[in-house]
Every structure is written in structure tokens, then in C-alpha cells.
Amino acid sequence: MPIPTLTLHRRYFFHGTFGELKDEAGELLAATIECPWQNNRPGLSCIPEGTYLIKRHQSPSKGLCLAIESPDLGVTLDGPSLRTHCLIHVANRVSELKGCIAPGDRFGVLDEDWAVLGSRHAMNHLLAVVGDQGAVLRIRGQ
């Protein structure tokens, strides 16, 4: 069975990067938030557009999540690389991220911040979609 291919369609704003993560049929899997584009600065910027592999990962601080990797784009879990520990994990606001992606069931507002809501539910859904085999993640701008 081939691994699934997911596509993240992003929109860039000064206060964050917001997107829609879709499956191969174009069905919405999650709304997403990320840091704004800051020239790929570790811990401050969303990761570059491109094609990545994602796989289950047990993070000491984030719990069960998804690790994002593409050695060709300088993104690996442990390094050496330009960016390490780029994850898809539970969060609601850009301020809770350090170069990672947070999924949610929908967009919303928390304390006047743009946010995703239902992050834990969306993360559990993504973990089920990715399964043990992993998935391809294509990140595209709009």
C-alpha cells in the first residue's frame, strides 16, 4: 500500500502562516498555523515550501506528534542540518510554536490572537491518517 500524500496550502501574513492541510482527494484534514516566514531562521520561521516525509514521533515535550524531514531541504529530526525538530504538534497560537506546525479542526480567535481550535482532535485525526507507514507532505504557498 503506497503511503499517503498530503498537501498543505499556505497563506503568509506578518503575524503568522495559516493553511489548509488536504488529502489526495482534496478533502480538508486540518486547518494549520505556523510562525511567519522569517527567511528559514530556526525557531522563528515556518519551514520552507517543498516536499517532506512525515512520521510518528514521541517528543519529550510535545508527546505523540509527527516529525517533518527532508535532508535535501535541510530539515531533519536530529541534525546536522539547517533545521531540526520541526514537528506537527498540538498548539493553538503562533506564540506556542518554534518553527513547527499546529493543526486544528478550524480557525478561530483566542484572546485576540488568530488561532486554530480543536488542536488535540485534529492531531489525533492526522496520526490516524499517517499511521505507522508515514506520509509525504507537500507544502505550497497560495
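Start with the largest nonpolar core, which has 22 residues; Leu6, Ile54, Leu66, Ile68, Ile88 and Leu137 touch the most other members. A nonpolar core here is a set of buried Ala, Val, Leu, Ile, Met, Phe, Trp, Tyr and Cys residues joined through side-chain atoms within 4.5 Å. Buried means under 20% relative accessible area, exposed over 50%, and partly exposed in between (1.4 Å probe, protein chains only). Helix 1 (119–130) is one of the elements giving two or more residues to this core, and helix 1 gives the most, with five.

Keep in mind that this is a predicted model: local features need pLDDT of at least 70, side-chain atom pairs count only at pLDDT 80 or more, and totals for chains, interfaces and linings use all residues. Residues are numbered from 1 along each chain as its sequence is written, and side-chain values use heavy atoms, leaving out hydrogens and water.

There's also a second, separate core of 14 residues, including Phe18, Ala31, Leu77 and Val94.

Now for arginine 10, which sits in strand 1. Is arginine 10 buried or exposed? Its relative accessible area is 0%, so arginine 10 is buried. Its side chain makes a polar contact of 2.7 Å with the side chain of glutamate 34, and another of 3.1 Å with that of tyrosine 12. (A polar contact is a pair of N or O atoms within 3.5 Å; within protein, one must be able to donate a hydrogen and the other to accept it, and residues adjacent in sequence count only if both atoms are side-chain atoms.)

Finally, find phenylalanine 14, in the loop between strand 1 and strand 2 (16–22). Phenylalanine 14 counts as exposed because its relative accessibility is 76%.

Notes: Helix = DSSP H or I, 4+ residues; strand = E, 2+ residues; numbered from the N terminus.
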